[in-house]
Amino acid sequence: MEVENFVSRTLELLQEEREAEIEETRRLQENISLKHLQDKGVCLLKLQIGNQRTGLYGRLLIVLEPRKSIGASVLPSNSFGPGDIVGLYESEGCSQRCQLGTGVVTRVTQSSIAVAFDESQDGLNLDSDGLFNIMKVANDVTYRRLTRALNSLNGYSSGPASHLISVLFGYSQPTEFLQQNDLEFYNTGLDKSQREAVTFALRQKDLAVIHGPPGTGKTTTVVEVIQQAVKQGNKVLCCAPSNVAVDNLVERLAQGKVKVLRLGHPARLLDTIQQHSLDAILARSDTNDIRTDIRRDMDKVFVSDG
């Protein structure tokens, strides 16, 4: 398939998927009552601010709780979880005109839900005595990133990825390194097929595919490939279809003493690998004391305004 045709068709399908998501959200907001949305677990109504401070490496962290005046201290049954993208709305509704901002859920308990916002306190302009609704929203970030990547692919003419693109679209044949030294495996528990897969992957210049049913040790094999590549002096970029899959790789590599940097919003990472996130590494840098003082001053302002 020609690159241009692939990009054009994929962009069309991506746009259809995005429009369907937006239409579904609009239909829910316009045709279903807020009470019914809350019963479905995708919306929480009339919450008050229990606490707000800078957290998650400088982001505004707001903890929302049920109204104390109605006596109930437990949130209604819901499907919210860490990593969900939510819209914050005025208590009048969950329409676009009522939306105050979007954030990422960091923690959910029976009595509260914490959301991290990139917007500043002034940007959100929240009334500490007000009531707010939150609702799950379609993820616009993924759509924009996919669109940008496809457009970049369409206009890519020269650069380090040119040969790989040619191989992936069938214009060129994949090639191998002429000689591969014998490997000393980090994981001595690999079976014969896994060792062969590692050797095969490292021998390829352009592309290697490791496949097999669930539970056959593909992730274990990939971890070994990465460790061997790092040993050879290479820098490795790892991607996966989900945050959990990437976090799993980070955990395995960290156990093998590989230097790892995890990119991504800290609210969407497992607690066990937070220390490897970009935000955490920056927080340990020499300028962290200055940022800490600024955040402390911001928190004091939040408390005094409340």
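Predicted model: local features only at pLDDT ≥ 70, side-chain atom pairs only at ≥ 80, totals over all residues.
Q: What makes a residue buried, exposed or partly exposed in this write-up?
A: Buried means under 20% relative accessible area, exposed means over 50%, and partly exposed is in between (1.4 Å probe, protein chains only). Residues are numbered from 1 along each chain as its sequence is written, and side-chain values use heavy atoms, with hydrogens and water left out.

Q: Why is Ile 226 called buried?
A: Ile 226 comes out at 7% relative accessibility, and that is under the 20% limit, so the label is buried. The residue lies in helix α7; helices here are DSSP runs of H or I with at least four residues, strands are runs of E with at least two, and both are numbered from the N terminus.

Q: What makes the second largest pocket a pocket, and how much space lies in it?
A: On a 1 Å grid over the protein atoms alone, a pocket is an open set of points with protein on both sides within 12 Å along at least five of seven lines, whereas a cavity is a set where a 1.4 Å probe fits but cannot get out. The second largest pocket holds about 1100 Å³ of space, where volume means the space filled by probe spheres set on the points, with grid points joined across faces, edges and corners.

Q: How do you know which residues line the second largest pocket?
A: A lining residue has an atom within 4 Å of a point. There are 26 of them, and Ala 208, Val 225, Ile 226, Val 236 and Leu 237 lie nearest the centre. Helices α6 (192–203), α7 (218–231) and α8 (243–255) each give at least two residues to the lining, and α7 gives the most, with 6.

Q: What is the make-up of that lining by class?
A: It has 17 nonpolar, 5 polar and 4 charged residues. For this count, Ala, Val, Leu, Ile, Met, Phe, Trp, Tyr, Cys and Pro are nonpolar, Asp, Glu, Lys and Arg are charged, and the others, Gly among them, are polar.

Q: Why is the pair of Phe 6 and Phe 169 given its geometry label?
A: Rings of Phe, Tyr and Trp (its six-membered ring) pair if their centres lie within 6.5 Å; planes under 30 degrees apart are stacked, over 60 edge-to-face, and the rest tilted. The structure holds 2 such pairs. In this one the centres are 5.4 Å apart and the planes are at 75 degrees, so it is edge-to-face. The pair links distant parts of the chain, 163 residues apart: Phe 6 is in helix α1 (residues 3–31), and Phe 169 is in the loop between α5 (162–168) and α6.

Q: What about Phe 169 and Tyr 171: what kind of pair are they, and why?
A: Their ring centres are 6.5 Å apart and their planes are at 20 degrees, so the pair is stacked. Phe 6, Phe 169 and Tyr 171 form one aromatic cluster.

Q: Are Phe 6, Phe 169 and Tyr 171 buried or partly exposed?
A: Phe 169 has 19% relative accessibility, so it counts as buried. Phe 6, at 29%, is partly exposed, and so is Tyr 171, at 44%.

Q: What makes Ser 166 and Ser 172 a polar contact?
A: A polar contact is a pair of N or O atoms within 3.5 Å; within protein, one must be able to donate a hydrogen and the other to accept it, and residues adjacent in sequence count only if both atoms are side-chain atoms. The side chains of Ser 166 and Ser 172 are joined at 2.5 Å. Ser 166 is found in helix α5 and is buried, because its relative accessibility is 14%.

Q: Why do Lys 46 and Lys 257 get their accessibility labels?
A: Lys 257 has a relative accessible area of 76%, so it is exposed, while Lys 46, with 35%, is partly exposed. Lys 257 has a positive phi of about 65 degrees although it is not a glycine, and Lys 46 has one of about 50 degrees. Lys 46 is in strand β1 (residues 43–55), and Lys 257 is in the loop between α8 and α9 (278–283).
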